[in-house]
Every structure is written in structure tokens, then in C-alpha cells.
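Me: I am new to this structure. Please take a close look at one part and walk me through it.

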Amino acid sequence: SRYSGICSYDILKLLALYLMIIDYIGMYIFPESLLFRLFGRISFPIFFFLIGYSGNFIIKFELLVIALALFIFDIIIKNSLLPLTILFSIAAAQAFMAYSIQHGVFKKIEKTYVMFFILILSSFPMIFLFDYGTISFMFMAMGYLVKHRPGIKRNLPFVAITFIIYMIYQVSLFSFTKNEIILLAALLVYLSSIMLSFDLNT
């Protein structure tokens, strides 16, 4: 709700930021506990959803500079080229969204389904190229659809398949216990319900 200039967009962005901090705490301070990493899994969908919802797909020069610096750092320190960092994922997803909008992909439901089908097929192979692969495209597209083509029934298939693919990816990436998997699934289902009915002014 709006209060002193704060809206639901700001609250969701702050939540994503806090969850990202929790994720880093788990990564560097408590690596033996996956619970921190579990809660951190919620930050990525929120960030990319909000970028899509904002409709800002202009790639900032500063983003590319920092992404390049981190790429060089990974080569020198980690001796690793791939996958590229999440900053490259943001830039790639923004470029993809700008291209899709320019070519009217979201104007017809049939084109949108074809787009998501292609993104699903390429999601796991692309993970090896840059962080989260085309799953990042799917969450950004989801945010755009909720903003520009609202309707729970209309967007439910896209939201559901995006979260299912993301859930499968996370479970394959981390050695979560059965209870942790159930908790993650519950959190993602709740988050998906928030995103489906998300409104900047509520």
C-alpha cells in the first residue's frame, strides 16, 4: 500500500535486497547451512520481475562496465570464463525484451506462447553460458505481461511454467533436504501469487 511515498514496488524491491544479503551471508559466512541460500533463492525472481514490470529495458553503460570488470576478475581469480555473471543476464534479458516488444511478440497470445516455449527449451543449456540462463528472460517477460496485459487467468500459464522451471533448476543446484524443498516450493508458490496480482498502486 502507498504510505509516505512508498508503494508495493518499493516494498518488493527492498524484500529482494534483504533476501540477497541473506543469500550472501549464507554463501560466505555460513556455507554449511543451506537455509540462508534457500531464502536467497527468492531474490532473483523478484529483481527480474520488477525490471520487466518497470518496462525499462535500456542497457546502462555502467552495468556493462561493472559486468566486464567482474568478468575479468573471474578470469584472473577463479580462472573461469563461464557462466557469465548475473549482470550479463540482466543486460541480455533487457536486450531480449526490447527486441521482443519491437517485433510485437507480446501483442498476440500465440507469439507469447511460442516465445516461452523456446525459452523453456533453451533454459538449461543457456545456464552454462550466463547465470540463470533464459530463466532470467522468462521472469522479466512475466513482469512485463503482468503490467501490460493484466489478468490472473491470462498470465497464470506463463507464471506457473516459469516458477516450475526455476524450482527444478534450484533443486538440481543445491542439496536441499526434503523439508527444505517443501519450504522453497511453498515460498515460490506464495511469491507467484503475489506477482500474478501485483499492482504498483496497491
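Reply: Here is a look at one helix pair and its surroundings.

This is a predicted model: local features need pLDDT of at least 70, side-chain atom pairs count only at pLDDT 80 or more, and totals for chains, interfaces and linings use all residues. Residues are numbered from 1 along each chain as its sequence is written, and side-chain values use heavy atoms, without hydrogens and water.

Start with helix α1 (residues 8-28) and helix α3 (residues 43-54). Helices are DSSP runs (H or I, at least four residues), numbered from the N terminus. The axes of α1 and α3 come within 8 Å and cross at roughly 150°. Axes are lines fitted to C-alpha atoms over the stretch in contact, and angles run from 0 to 180 degrees between N-to-C directions. So α1 is roughly antiparallel to α3 (over 145 degrees).

Contact means heavy atoms within 4.5 Å. On α1, the contact includes Tyr9, Leu12 and Met20. On α3, Ile46, Phe47 and Leu50 are among the residues involved. By class, this contact has eleven nonpolar, two polar and one charged residues. Nonpolar means Ala, Val, Leu, Ile, Met, Phe, Trp, Tyr, Cys and Pro; charged means Asp, Glu, Lys and Arg; the others, Gly among them, are polar.

Gly55 lies in the loop between α3 and α4 (61-78). At 34% relative accessibility, Gly55 is partly exposed (between under 20% for buried and over 50% for exposed). The C-alpha atoms of Gly55 and Gly143 are separated by 8.4 Å, though 88 residues apart along the chain.

Note on methods. Helix = DSSP H or I, 4+ residues; strand = E, 2+ residues; numbered from the N terminus. Parallel < 35°, antiparallel > 145°, perpendicular 65-115°, else oblique. Buried < 20%, exposed > 50% of the residue type's maximum accessible area, 1.4 Å probe, protein only.
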